[in-house]
Amino acid sequence: MLYMIIETYRHGPKPVYERFRARGRMAPEGLHYVSSVVTADGQRCYQLMECDDRVLLDEWMRAWSDIVDFEVLPVIGSADAAARFGGGSGDGEA
C-alpha cells in the first residue's frame, strides 16, 4: 500500500534535518521510502512511503512525532486511479 505522508515541522526544518543526519530515516524493515518533496519555505514535506503493514508506518512516525506532525493518506497511482474511477483504459495521466 502506498501512503502520502504530509509532514509539518513543528519547530522548522533544522531539528528534522539534524536528526536525519544523525540517525537516518529510522524506518523499520518493511517500510520503504519512495520519494519526497519539500515546500520552498522548508516547513512541510510531502513523502511517499510504501508498506504492507500500517503498523510499520505508525512505528516510524512515533520516532519523529516529537518534532513532526503527520497527516497520512492512503493513495494509489494514476494508472490505478484511471482504471478504478475513469471507466476506461487510459494511460493513467490526469
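## Strand pairing

Two strands count as paired if DSSP finds at least two bridges between them. In this predicted model, strand S1 (residues 2-9) and strand S4 (residues 68-75) meet that condition, pairing in the antiparallel sense over eight bridges. One of the residues involved is Ile6, whose bridge partner in S4 is Glu71.

S1 is also joined to strand S3 (residues 44-50), again with the two strands running antiparallel, and here there are seven bridges. Within this pairing, Ile5 has Gln47 of S3 as its bridge partner. S3 pairs in turn with S2, in the antiparallel sense, over six bridges. Ser35 has its bridge partner in S3 at Leu48.

## The sheet as a whole

Taken together, the four strands form an open sheet in the order S2-S3-S1-S4, with antiparallel pairing. Which strands stand at the edges of the sheet? They are S2 and S4; each has a single partner strand, so one side of each is left without a neighbour in the sheet. On average, neighbouring strands of this sheet are turned by 20° against each other, with direction ignored.

In a regular strand, side chains alternate between the two faces of the sheet.

## The largest pocket

The largest pocket has a volume of about 200 Å³. It is lined by 14 residues, and those closest to its centre are Glu7, Val16, Phe20, Arg25 and Gln47.

Which elements supply at least two residues each to the lining of the largest pocket? These are S1, H1, S2, S3 and S4. The largest share comes from H1, which gives three residues. By class, the lining has 10 nonpolar residues, two polar ones and two charged ones.

Arg19 is found in helix H1. Is Arg19 buried or exposed? Its relative accessible area is 15%, and because buried means under 20%, Arg19 counts as buried. Leaving aside neighbours within four places in sequence, Arg19 is in contact with Gly24, Met26, Ala63, Trp64, Asp66 and Ile67.

Met26, one of these contacts of Arg19, has its place in the loop between H1 and S2. With a relative accessible area of 25%, Met26 is partly exposed. The backbone of Met26 has a phi near 65°, a positive value in a residue other than glycine. Most residues other than glycine have a negative phi.

## Leu31

The loop between helix H1 (13-23) and strand S2 (32-38) also holds Leu31. At 6% relative accessibility, Leu31 counts as buried, whereas Met26 is partly exposed.

What is Leu31 in contact with, once its neighbours within four places in sequence are left aside? The contacts are Met49, Glu50, Cys51, Leu56, Leu57 and Trp60. For Leu56, the separation from Leu31 is 25 residues in sequence and 6.1 Å in space, taken from C-alpha to C-alpha. Two of the other contacts of Leu31, Met49 and Glu50, fall within the residue range of S3, 44-50.

Terms used. Residues numbered from 1 in each chain as written. Predicted model: local features only at pLDDT ≥ 70, side-chain atom pairs only at ≥ 80, totals over all residues. Heavy atoms only, no water. Buried < 20%, exposed > 50% of the residue type's maximum accessible area, 1.4 Å probe, protein only. Contact = heavy atoms within 4.5 Å. Axes fitted to C-alpha atoms, helices over the stretch in contact; angles between N-to-C directions. 1 Å grid on protein atoms, 1.4 Å probe; cavity = no way out; pocket = protein on both sides within 12 Å on 5 of 7 lines; lining within 4 Å. Points joined across faces, edges and corners; volume = space filled by probe spheres on them. Nonpolar A, V, L, I, M, F, W, Y, C, P; charged D, E, K, R; others polar.
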